[in-house]
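Colleague: Please pick a single part of this model and take a close look at it for me. I'd enjoy one connected account, with the cut-offs as you go.

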Amino acid sequence: MKLFHEVTMNEQDQILYNRIIELSNRAYKNNIYVFSDFLSLSQQDLFFQATRDKSFAPIAYDLFGGYENCERKMVRFGSEKDFGYEVDFPIKCIKIEPLAKKFAKAYTHRDYLGSLMSLGIDRKKFGDIFVDGMDAYMYADESTADYLLENFVSVGRNSVKCSFSELPESYKQANLKESTIQVASPRADAIIARVYNLSRKDTIPYFTEKKVSVNGHIVENNDKILAAGDSVSVRGFGKFNIVSEGGLSKKGKLNLTVEIFGAK
């Protein structure tokens, strides 16, 4: 008799699911830190499903992508409590900049992604890409980062150079806007509709098509209740955090403070 996840998963998801369980057991049996590749939001949801499997080892884990609010993240299996020491995530930040900015063209996230893929870099080996004018920053695992420093030399028609860097704090803040919204209900559909200026009806397809995640878990129920501390991603729109809950307005609506990423 097949388990539920075996019936509903496609072959690629099943391979990743089994891989996650294998990594947890390797860390547990060998008493060493083990890291996954970068996982997308849907893959992170698959990871959380795997943690509930009886075959998943009884070991601590955490997720990180380079900085707190990255979307694509690695999993680190193991903790200081498990092993008595700590190992950092093998992630490096790379700055990509044109060799001659005076003649360079500004390219998009899609352009950088395409150039990386054409170089033969597997998508699971690098994380989020942040485009900042003619420059860009990206996170990659250590071995891939070392390779890119020597071999990633062009984006579109721009000749570029790569160097190890840090994502500028100013960039993080420029792409983060704090706002106070009012909603009739703390339901996911109501909050998403208000944040992205949609009707609640318009949000439904995003749930049914598995494009909404809360704290890394795919959410298909649009009536899920959200609370302060929740991090919400909507594919096609972006990401926001619920910072705090205020009181009710005079019209009985709930005041929420949210941080919206990528908002102008």
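**A helix pair and its sheet**

Modeller: Helices H2 and H3 cross in the right-handed sense (the near helix is turned clockwise from the far one by less than a right angle). Please bear in mind that this is a predicted model, where local features need pLDDT of at least 70, side-chain atom pairs count only at pLDDT 80 or more, and totals for chains, interfaces and linings use all residues. Numbering starts from 1 along each chain as its sequence is written, and side-chain values use heavy atoms, without hydrogens or water.

H2 spans residues 11-30, and its axis lies 9 Å from that of H3, at an angle of about 50° (axes are fitted to C-alpha atoms over the stretch in contact, with angles from 0 to 180 degrees between N-to-C directions). The two helices are therefore oblique to each other. From H2, Asp-13, Leu-16, Tyr-17, Ile-20 and Ile-21 make the contact, meeting Gln-43, Leu-46, Phe-47, Gln-49 and Ala-50 of H3 (heavy atoms within 4.5 Å). Sorted by class, these are seven nonpolar, two polar and one charged residues.

Now for the sheet: it is open, with three strands in the order E1-E3-E2 and antiparallel pairing (a pair needs at least two DSSP bridges). Strands E1 (34-35) and E2 (61-64) are the edges, each pairing on one side only. E1 joins E3 (residues 74-77) through two antiparallel bridges, and Val-34 has Phe-77 of E3 as its bridge partner. H3 (residues 41-50) packs on this sheet, where it touches E2 and E3, and its direction makes about 175° with that of E2.

How values were computed. Helices (H or I, at least four residues) and strands (E, at least two) are DSSP runs, numbered from the N terminus. Angles under 35 degrees count as roughly parallel, over 145 as roughly antiparallel, 65 to 115 as roughly perpendicular and the rest as oblique. Ala, Val, Leu, Ile, Met, Phe, Trp, Tyr, Cys and Pro count as nonpolar, Asp, Glu, Lys and Arg as charged, and the others, Gly among them, as polar.
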